[in-house]
Amino acid sequence: MYWLIIPAIILVFLAVILVRTLRFTPPEREEITAAPIQLNEEKIVDDMCAMIRCKTVSNRDESLVDWAEFDKFQSVLAERFPLIHEKATLHKLGRTGLLYHLKGESDASPSVCMSHYDVVPVEESGWTRPAFDAIVEDGVLWGRGTLDTKGTLCGVMEALEQLLAAGYTPKNDLYLSFSGQEEIDGDSCRAIVSYLREQGVTPALVLDEGGAVVDNVFPGVSGQCALIGTAEKGNVSVDLSLLSQGGHASTPPPHTILGQLSQAAVDIENHPFPRHLSRPVAEMFDTLGRHSSFLYRMIFANLWCFEPVLDMICKKSGGELNAMMRTTVAVTRMEGSRAYNVLPPKASMGINIRLMEGDTKESAVAYLRKVIKNDKIDIRVVDGGNPSAVSETSGEGWDTLCRAIRQTWPEALVSPYLMMAGSDSRNYCAISQHVYRFSAMHLSKEERAMIHGHNERVPVKTLLRTVEFYLRLLEML
């Protein structure tokens with residue numbers, strides 16, 4: 001009889017796997033319809049071009065910043081959106097912060113729409129069109145900031161200006177929050193949040209850059225997915241350094257300090273941080289996994305069993321899926337001697353850590369010490385911050401955002417996700433549990449790669465759809 005036990009256990013196990021997979025299906029989708037929207041395409045494109053022509057390049061070294069370009073950008077907003085400047089109160093906070101406050105019928109559930117208007121530097125030699133000329137060619141607008149994030153800033157301003165012209169008053173107070181120091185983690189957004197806290201403002205919805213409408217990004221799902229970042233990983237820069245007596249390279253020690261640092265880099269890469277299924281990733285797997293092919297549905301419906309298998313795939317493949325499962329470390333810098341025949345008296349290595357929910361700067365450093373096993377290496381945190389809080393995926397703010405997305409991109413599956421990069425929105429977690437990161441654009445893989453890269457550009461039709469999204473969203477707020 002005992003020989004029947006193992007086959008019976010296997011059959012029960014397979015039955016549980018199969019039943020859970022068959023029950024792992026998407027909920028019935030509510031049919032959502034939206035009336036067509038009329039837009040002034042010429043005005044929108046012209047306004048966007050004027051924004052792009054402002055060379056609002058931020059830099060940690062303020063002596064390299066042309067502040068006149070930032071003033072020019074603010075003048076462009078005042079000139080091209082007169083109704084917003086007439087109806088809303090503008091507060092200038094910090095070095096570059098702009099906070100527009102439009103009073104609604106109530107102040108009980110205020111909303112904040114965010115963007116930043118600073119951009120990263122440009123290497124003109126790598127561009128096929130001038131980065132700040134705002135050339136429109138074959139239905140595409142070229143320029144630094146079109147995607148990150150003057151496009152969404154233009155979208156919300158155009159939408160609000162059009163609504164005000166039609167007599168719009170929001171149901172609840174509306175704030176537009178723009179910073180010109182996001183790319184350098186400047187203080188402007190923090191100054192805005194401090195002001196709102198002093199005023200007792202607790203936003204029911206905060207919307208900033210983040211995910212987008214994308215194609216073929218989730219295993220087994222071939223259609224469009226609208227990914228809303230409900231949290232973002234921490235971002236920490238760390239220096240590892242070693243000292244030596246230096247000397248002539250003709251008589252090296254058995255292990256040079258650069259060799260020891262190289263070994264440390266190999267040890268770090270060979271011992272990735274343990275996996276951790278954070279709430280945003282678990283919710284994404286649960287949401288999108290139900291729409292995937294049968295094999296992937298089996299995995300995502302039974303993570304209690306297959307999570308180690310998924311983790312093994314992630315570790316081998318690297319990339320974004322792996323980054324969703326753990327704290328990651330990238331070795332990005334290494335310095336030693338400037339001469340080939342000189343042993344350096346000091347060598348250093350720079351790494352970038354993206355912290356998963358549950359990890360901190362302190363716990364990450366402790367893990368590195370454990371993995372490296374070389375007490376001579378000094379580990380120093382240069383800068384950075386811990387992961388953001390995780391926002392709720394329920395409530396009026398979440399539901400309103402999802403509805404506006406579905407009205408604009410009816411075929412898209414709306415899902416939470418974990419944002420890998422950093423944004424100003426993390427500052428708002430101090431005053432709201434409803435901070436969401438969604439760039440209202442349908443972006444291809446090629447277009448996403450242009451962010452911070454050469455030849456950044458946006459199709460005009462994509463920009464127009466961004467305005468449509470904000471028109472629908474603002475009418476619900």
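Which residues do ring pairs link into a cluster? In this predicted model, the cluster comprises Trp-67, Phe-70, Phe-73 and Tyr-117. Local features need pLDDT of at least 70, side-chain atom pairs count only at pLDDT 80 or more, and totals for chains, interfaces and linings use all residues. Residues are numbered from 1 along each chain as its sequence is written, and side-chain values use heavy atoms, with hydrogens and water left out.

Across the whole structure, 14 aromatic pairs were found. Rings of Phe, Tyr and Trp (its six-membered ring) pair if their centres lie within 6.5 Å; planes under 30 degrees apart count as stacked, over 60 as edge-to-face and the rest as tilted. The ring centres of Trp-67 and Phe-70 are 5.2 Å apart and the planes meet at 50°, so this pair is tilted. Both residues belong to helix 3 (residues 67-80), 3 residues apart, and are therefore separated by about one helical turn. Helices are DSSP runs of H or I with at least four residues, strands runs of E with at least two, numbered from the N terminus. Trp-67 and Phe-70 are both buried (under 20% relative accessible area, 1.4 Å probe, protein chains only).

Trp-67 also has Arg-95 over its face, 3.7 Å from the ring centre. Such a charge has NZ of Lys or CZ of Arg within 6 Å of the ring centre and within 35 degrees of the ring normal. Arg-457 lies over the face of Trp-142, at 4.5 Å from the ring centre.

Strand 3 (residues 106-116) pairs with strand 6 (residues 172-179) in the parallel sense, over 7 bridges. Pairing requires at least two DSSP bridges. Ser-106 has Asn-172 as its bridge partner in strand 6.

Conventions:
Buried < 20%, exposed > 50% of the residue type's maximum accessible area, 1.4 Å probe, protein only.
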